[in-house]
Amino acid sequence: MTTFALSDRVHWIGAFDGRMRTFDVILNTPNGTTYNAYCVRGSEGVAVIDTVKRECADQFFARLQQYAAYDEIRAVVLNHLEPDHSGCLPELLRRAPNARLYISDAATGVLKGLVKDAALPYTTVTTGSRVGLGDRSLVFLQTPYLHWPDTQCTWVPEERILFSGDAFGCHFCDERLWNDEVGDFRYAFEYYYAHIMRPFKRHVLDALALIEPLDLAVLAPAHGPILRQDPRDYVARYRELSTPRLHRGAREGERTVVVFYISSYGNTQRMAEAIRDGVAEIPGLRLSVYDLEGTPVLPFVDLVEAADAVLIGSPTINGDAVKPVWDLLSSFAQIDVRGKLGGAFGSFGWSGEAVRMIEDRLRGLKFRVPLGGLKVKLVPSHDEIDACRNWGRGIGEFLTGCAPPREIDFAALVGSS
Ligand SMILES: Cc1cc2nc3c(=O)[nH]c(=O)nc-3n(C[C@H](O)[C@H](O)[C@H](O)COP(=O)(O)O)c2cc1C
Ligand SMILES: [Fe+2]
Ligand SMILES: [Fe+2]
């Protein structure tokens with residue numbers, strides 16, 4: 001069985017899963033994946049860092065047994081508890097009578113939800129906590145939301161190896177395993193970041209502040225190649241990908257608004273145009289309008305990520321907003337949209353559910369929705385076009401901070417109590 005030594009004290013004891021083609025429902029894995037687990041030997045005991053998916057238990061235990069006897073294992077670390085890494089935990093703890101589990105604080109609840117065994121011997125750790133193994137030690141860095149709330153990284157300072165969990169990983173199964181020996185895995189690395197880490201960019205930046213000062217020799221993620229050649233390049237790439245950047249043409253301080261609409265008879269389109277005119281009355285805004293008809297939504301994700309406000313128009317068709325609108329909204333799961341301004345509008349014939357449904361979805365995604373959705377029955381009249389323009393201007397005012405303050409009638413508040 002192939003084995004890998006990161007040093008004479010650190011070994012890869014993971015599993016190859018070359019036939020996997022879809023991961024976690026959302027990811028394509030044309031190269032399959034690896035579950036990387038590691039064992040670290042100190043003069044006073046052995047640590048196991050992460051396990052593998054339960055279906056790959058045979059590979060994991062066979063490799064582990066080559067490097068350690070079960071009663072030597074003092075520490076088991078889970079960098080996060082997702083089942084692809086915790087799958088063999090209960091069996092490992094059964095076999096390793098002297099082992100204690102080390103997890104983050106946030107992992108406590110996850111552990112209870114995943115492993116229904118209240119008797120598990122575990123200790124929670126935080127940034128800077130250290131577990132000694134004699135002449136080797138484990139130091140923990142809390143890196144929440146890379147990509148689960150309980151995610152941490154484990155640093156072995158004597159080896160200068162960072163066990164980074166899913167961060168810096170990718171689904172790429174190549175049994176040569178070292179980044180300087182496997183094939184070209186750039187696609188898999190970028191794809192993994194885009195789908196797993198991108199929604200948590202802010203948290204990635206926090207994690208990088210802890211990781212960048214480390215004098216890294218090897219970056220050992222939980223999936224894909226082990227990064228021993230130029231590990232800092234991958235750290236730098238994460239910084240590059242996670243740093244908000246002004247797109248070409250935008251001016252410093254300029255706020256951006258994107259209006260998306262779709263329209264069968266042009267009614268919602270007329271609303272979109274009037275809204276656009278209203279937004280355009282506010283100086284200092286960069287405004288784009290897109291018709292969703294027949295357009296794949298994926299390229300819009302970048303625009304939405306960079307936008308400060310997103311306005312979405314749909315007619316009501318059979319009691320619902322139309323599919324391209326839902327496709328657009330579901331693509332927002334790839335990015336962080338919390339706190340952006342949102343708004344919904346649309347024409348309808350008799351029941352008009354679409355606007356409310358879009359608004360609810362925007363709120364569910366944690367957009368701020370300062371103005372109630374705008375509905376027009378069938379063809380917008382002159383007055384309704386004016387209302388659309390005012391609504392657009394109102395959004396622009398909120399965005400630039402020049403919205404008139406809301407007047408609160410305290411007498412009415414007291415009266416209503
Ligand atoms: C197939 C079909 C189904 C519709 N279903 C509804 C509906 O369930 N509720 C409603 O309020 N309007 C419904 N309408 C009416 C449209 O919402 C209305 O014609 C609207 O003005 C179209 O706006 P648009 O020109 O922007 O597409 C339906 C229209 C069509 C063609
Ligand atoms: Fe994960
Ligand atoms: Fe994973």
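Which side chain of opposite charge is nearest to D84, and how far away is it?

D84 is buried and has no salt bridge, and the nearest side chain of opposite charge is that of K53, 8.2 Å away. Buried means under 20% relative accessible area, exposed means over 50%, and partly exposed lies in between, with a 1.4 Å probe and protein chains only. A salt bridge is a side-chain nitrogen of Lys or Arg within 4 Å of a carboxyl oxygen of Asp or Glu; for charge, Lys and Arg count as positive and Asp and Glu as negative, while His and the chain ends are not counted.

The side chain of D84 does make a polar contact with the side chain of H223, at 2.9 Å. Such a contact is a pair of N or O atoms within 3.5 Å; within protein, one atom must be able to donate a hydrogen and the other to accept it, and residues adjacent in sequence count only if both atoms are side-chain atoms.

## Basis of the model

Residues are numbered from 1 along each chain as its sequence is written, and chains are lettered from A and ligands numbered from 1 in the order in which they are written. Because the model is predicted, local features need pLDDT of at least 70 and side-chain atom pairs count only at pLDDT 80 or more, whereas totals for chains, interfaces and linings use all residues, and side-chain values use heavy atoms, with hydrogens and water left out.

## The chain as a whole

The protein chain has 13 helices and 21 strands, and its C-alpha atoms fill a box of roughly 80 × 55 × 40 Å along the principal axes. Of its 417 residues, 53% count as buried.

Oxygen atoms of ligand 1 lie close to polar backbone atoms of the protein: the distance is 2.6 Å for G319, 2.9 Å for W350 and 3.1 Å for G266. The protein covers 82% of the 650 Å² of accessible area that ligand 1 has on its own, as given by the Shrake-Rupley method with a 1.4 Å probe.

## Salt bridges

A search of the whole structure finds 26 salt bridges. Within helix α3 (residues 89-95), R94 and E91 lie three residues apart, about one turn of the helix, and their closest N and O atoms are 3.2 Å apart; R94 is exposed at 61% relative accessible area, while E91 is partly exposed at 27%. In helix α11 (residues 353-364), R363 and E359 are four residues apart, again about one turn, with 3.8 Å between the closest N and O atoms of their salt bridge; R363 is partly exposed at 41%, and E359 is buried at 7%.

Finally, R9, D135, R136 and E159 are linked in a network of salt bridges.

Notes: Helices (H or I, at least four residues) and strands (E, at least two) are DSSP runs, numbered from the N terminus.
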